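Biologist: I have a model open and would like to go through it with you. Could you take my questions one at a time?

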Amino acid sequence: EMAETHVQIGGRMEWTCDLADGKHTISFIHGTTSGKRILLLDGKELFRKNWLFKLVGEEKFSFGPKDDSHEGVIQIQADGMRYKYTLYIDGKRLRDFSCERRRNTKAWHVSVAGEDHLIVMDTDVVQIWVDGDKMETVGEFVEDGTETHISVGGQPAYILTTKGDANGKLEHILFMNDEEVLPATEERHASIRWTGN
C-alpha cells in the first residue's frame, strides 16, 4: 500500500499525479529552521516563502490543463519534533483521488509521424483530451455502440464505446487507421518520494 503521508524533519517531498495532460510532479521543500516553503510543479516554481514563523498549516495551489484544473492542498502538521505532510487534490487524499482517476479514465500513447501523443478519456463524463487539449466531440451511434471521432497528430481516429461484458460494463477502444490501439500499459497512479535536507 502506498504511503500517502510522510512524517519527517523537513526536507523535500515529491508526489506524482496523472491528469489529462500527463504525469505531474509536485515538489514541496520545507525548511524547518527558517519556515521556508517552496512549491514546484513539474520543476517550475509556483511560490516561495522564505521566512515563516508558523511552521505548520496549509499551502494551496491550482494545477492541470485549463479544462481539467484541480485544487491542491499540502497540509503540514507537527508530530512531536517532526512534521507530517499530506497532499490533497480536490479535497481528497492523493491515493483516493488517484484511484478515482484510474477508475474513470482510460489512456493511450500513440506515435504519429515520429511524435508521441497522449489521448485520455474521462469515461465518467465522456470527455477526451489529446495532448492535454480538450476535444470538442460528438458521439455517432453505430451498430456496436458509439463512435467518437477525434484527430491525433493530424490523423483521424475514433473511440468505440461498446458493451463489454455480461455485467454491462462499457469498453472504450481507440482505433487509428482502422486498427485497435492498446491502452497505456504503465500504471496510472500516484507516488510519493521524500529526500532530506
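Biologist: What is the mean pLDDT of the protein, and what share of its residues reach 70 or more?

Modeller: The mean pLDDT, which is the predictor's confidence in each residue on a scale from 0 to 100, is 85 for the protein, and 88% of its residues reach 70 or more. This is a predicted model, in which local features need pLDDT of at least 70 and side-chain atom pairs count only at pLDDT 80 or more, while totals for chains, interfaces and linings use all residues. Residues are numbered from 1 along each chain as its sequence is written, and side-chain values use heavy atoms, with hydrogens and water left out.

Biologist: Where is confidence lowest, and where is it highest?

Modeller: Confidence is lowest in strand β19 (residues 191-195), with a mean of 48, and highest in strand β9 (residues 92-93), with 95; helices (H or I, at least four residues) and strands (E, at least two) are DSSP runs numbered from the N terminus. The pLDDT is below 50 over residues 187-197, a stretch that has 46 contacts in the model beyond near neighbours in sequence, a contact meaning heavy atoms within 4.5 Å. Where pLDDT is low, the predicted coordinates should not be read in detail.

Biologist: Changing topic, what is the strand order in the open sheet of four strands?

Modeller: The order is β10-β11-β12-β13, with antiparallel pairing, where two strands pair if DSSP finds at least two bridges between them. The edges are taken by β10 (105-112) and β13 (133-134), and because each has a single partner strand, one side of each is left without a neighbour in the sheet.

Biologist: And how many bridges join β11 to β12?

Modeller: Four bridges join strand β11 (residues 115-122) to strand β12 (residues 127-130), and the two run antiparallel. In this pairing Ile119 stands opposite Val130 in β12. Helix α1 (residues 94-104) packs on the sheet, where it touches β10 and β11, and its direction makes about 65 degrees with that of β10; axes here are lines fitted to C-alpha atoms, for helices over the stretch in contact, and angles run from 0 to 180 degrees between N-to-C directions.

Biologist: I also clicked on His117; is it buried or exposed?

Modeller: His117, which sits in strand β11, is buried, with a relative accessible area of 8%; buried means under 20% relative accessible area, exposed over 50%, and partly exposed in between (1.4 Å probe, protein chains only).

Biologist: What does His117 touch?

Modeller: Not counting residues up to four places away in sequence, His117 touches Trp108, His109, Val110, Val112, Asp131, Val152 and Gly153. With Asp131 there is a side-chain polar contact of 2.6 Å, a polar contact being a pair of N or O atoms within 3.5 Å, where within protein one must be able to donate a hydrogen and the other to accept it, and residues adjacent in sequence count only if both atoms are side-chain atoms.

Biologist: Which phi value does Ala113 have?

Modeller: Ala113 has a positive phi of about 50 degrees although it is not a glycine. Ala113 lies in the loop between β10 and β11 and is exposed, with a relative accessible area of 82%. Asn177, also not a glycine, has a positive phi of about 50 degrees; its place is in the loop between β17 (170-176) and β18 (179-181), and at 58% relative accessibility Asn177 counts as exposed.

Biologist: How many salt bridges does the count come to?

Modeller: The count comes to seven salt bridges, a salt bridge being a side-chain nitrogen of Lys or Arg within 4 Å of a carboxyl oxygen of Asp or Glu. One of them joins Glu14 and Arg12 (3.1 Å, N to O), with Glu14 buried at 13% relative accessibility and Arg12 partly exposed at 29%.

Biologist: What about Asp18, which partner does it have?

Modeller: Asp18 forms a salt bridge with Lys23, with the closest N and O atoms 3.6 Å apart. Asp18 is buried, at a relative accessible area of 10%, whereas Lys23 counts as partly exposed at 46%.
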